[in-house]
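Thanks for coming. I have one model to go through today, so please look at the sequence and the structure first.

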Amino acid sequence: MRSILAGAGLPAAGRVLAGADEVPPALPAGPRAIAGDRVEPDWRELDSISVGNTKGDLIGAGEKVLQAAVDRVAARGGGTVRILPGTYRLRNSVYVPSRIRLVGSGPDSILIKEPSVRTGLAASADWYDQEITLRDPRGFQVGDGICLRARNPSTGGPVVIKRTLVARSGNRFKLDRALRENLWLEKGDPTAATLFPLLSLENASDIVIEGLTLDGNRTSNENLDGNYAGCIFAQDCARLTFRRVLARNNNGDGLSWQICHDVIAEDCTSEDHAGLGLHPGSGSQRPIIRGNTVRRCEIGVFFCWGVRHGLAERNTIEDIRTAGVSLGHRDTDNLVRDNQIVRSGRVGVLFRDESLEFAAHRNRIENNRIVDSGPADGIGVDIQGQTQGITIAANEIRETRGPMTRTGIRIGTSARDITLSGNRLQGYARDLADMRRA
């Protein structure tokens, strides 16, 4: 880490103020580790611990041993947790704090979610309560990660709460934290289910996750959408790297991050999810999505609300049920280039229908290969809403199944300032459908 004093007009690191005849002692360049100072040397080696089913520093096959390893390294200022080959069955998330490098052995290090169970609550709970009473406690145990869902008794809107069960007496369970929402039987119909992300990152930074296989066990779990979960779910984080992660079979999203800045997802595979493959979520700034493979998901790469200055390049996005790439609410100033977007179920690249204030302005779609998008009336690139300042340049947009009523590029009636340059279109009933008013 570079010293914040660099360039501040102070003596160079390691320099000693000495008399003309004195030889200053040789001191190491760069900052020293000082108690309470966040600036410290760029250490060549940090603490490391290994976890395995039958060998390693810690032995086990569930989330408890993984959490113990992560917490032990975090308590010493950060370092590496190595997950040795094996299968680890999770009844709760592994919560990854700051300054952790979580490294697996590729396809041989498998984290899989145990099947979910669900029941209703047997008693109402108020927002300040730190316990719940389950109608049927079978399948629940202390240590489980759970998701509580209900309707807000005042507004009727959804309530979603993620907690951990930490104590039990019969069908009464204590939670790790208070509810902070009302769960009332009369109006809310509250339920509890053992649902959670496999890896959770919350209010953390400087994390690397690589070389892991994460299996959501989709057929044995209820759905929990990407605003709350995924094989990896991050909330309010910064400087995250996901590399060579295989995320598969989740009844929700693959990789989802919400209000997280400077996230890098590269060389990952995200496949066979009920939800989104890669979900740079609301307010996330400067995501880099590079070299990934996304297949058989609802949407391939979904730019959520207010995702800006992002880069999606050299990804393979195939056999998606709706849109290969989707941009919408305040997703501005992003670059989507050099991707293979093949066999999208409805549209290859979609600009969602938003008003002028909220549309995805000033994005560039460049040098992508967009092939066989949608059914008989499918569209390669669809620019909806009051979207402005879009450049579609040097893309190969092709249909190999016959023209039918398919369209290469469609520009909606309210879009403005759309630049088309050097695109190669082939096989469509209409290469361009410009529906803008004169």
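This is a predicted model: local features need pLDDT of at least 70, side-chain atom pairs count only at pLDDT 80 or more; totals for chains, interfaces and linings use all residues.

Disulfides, then: a search of the whole structure finds 0 of them, a disulfide being a pair of cysteine sulfur atoms within 2.5 Å. Residues are numbered from 1 along each chain as its sequence is written, and side-chain values use heavy atoms, with hydrogens and water left out.

Take Cys 237, which is in no disulfide; the nearest cysteine sulfur belongs to Cys 260 and is 4.4 Å away. Cys 237 is buried at a relative accessible area of 3%. Here buried means under 20% relative accessible area, exposed over 50%, and partly exposed in between, with a 1.4 Å probe and protein chains only. For Cys 304, the closest cysteine sulfur is also in Cys 260, but at 12 Å, which is too far for a bond. Cys 304 is buried as well, at 7%.

Next, the sheet. What is the strand order? It is an open sheet of 11 strands with parallel pairing, running β5-β14-β17-β20-β23-β26-β29-β32-β35-β38-β41. Strands are DSSP runs (E, at least two residues), numbered from the N terminus, and two of them pair if DSSP finds at least two bridges between them. At the edges are β5 (94–95) and β41 (430–434), each of which pairs on one side only. Inside the order, β29 (residues 323–327) and β32 (residues 347–351) run parallel and are joined by 4 bridges. In one of these, Ala 323 has Val 347 of β32 as its bridge partner.

Now a loop residue. Thr 387 sits in the loop between β35 (379–383) and β36 (388–393). Is Thr 387 buried or exposed? Its relative accessibility is 0%, so Thr 387 counts as buried. A polar atom of its side chain lies 2.7 Å from the backbone oxygen of Gln 384. Leaving aside residues up to four places away in sequence, Thr 387 touches several residues, including Phe 351, Arg 352 and His 361; contact means heavy atoms within 4.5 Å.

Last, the rings. The whole structure has 2 aromatic pairs. One of them is Trp 127 with Tyr 128: the centres are 5.8 Å apart and the planes at 75 degrees, so the pair is edge-to-face. The cut-offs are centres within 6.5 Å for rings of Phe, Tyr and Trp (its six-membered ring), with planes under 30 degrees apart stacked, over 60 edge-to-face and the rest tilted. Trp 127 is partly exposed, at 44%.

Conventions:
A polar contact is a pair of N or O atoms within 3.5 Å; within protein, one must be able to donate a hydrogen and the other to accept it, and residues adjacent in sequence count only if both atoms are side-chain atoms.
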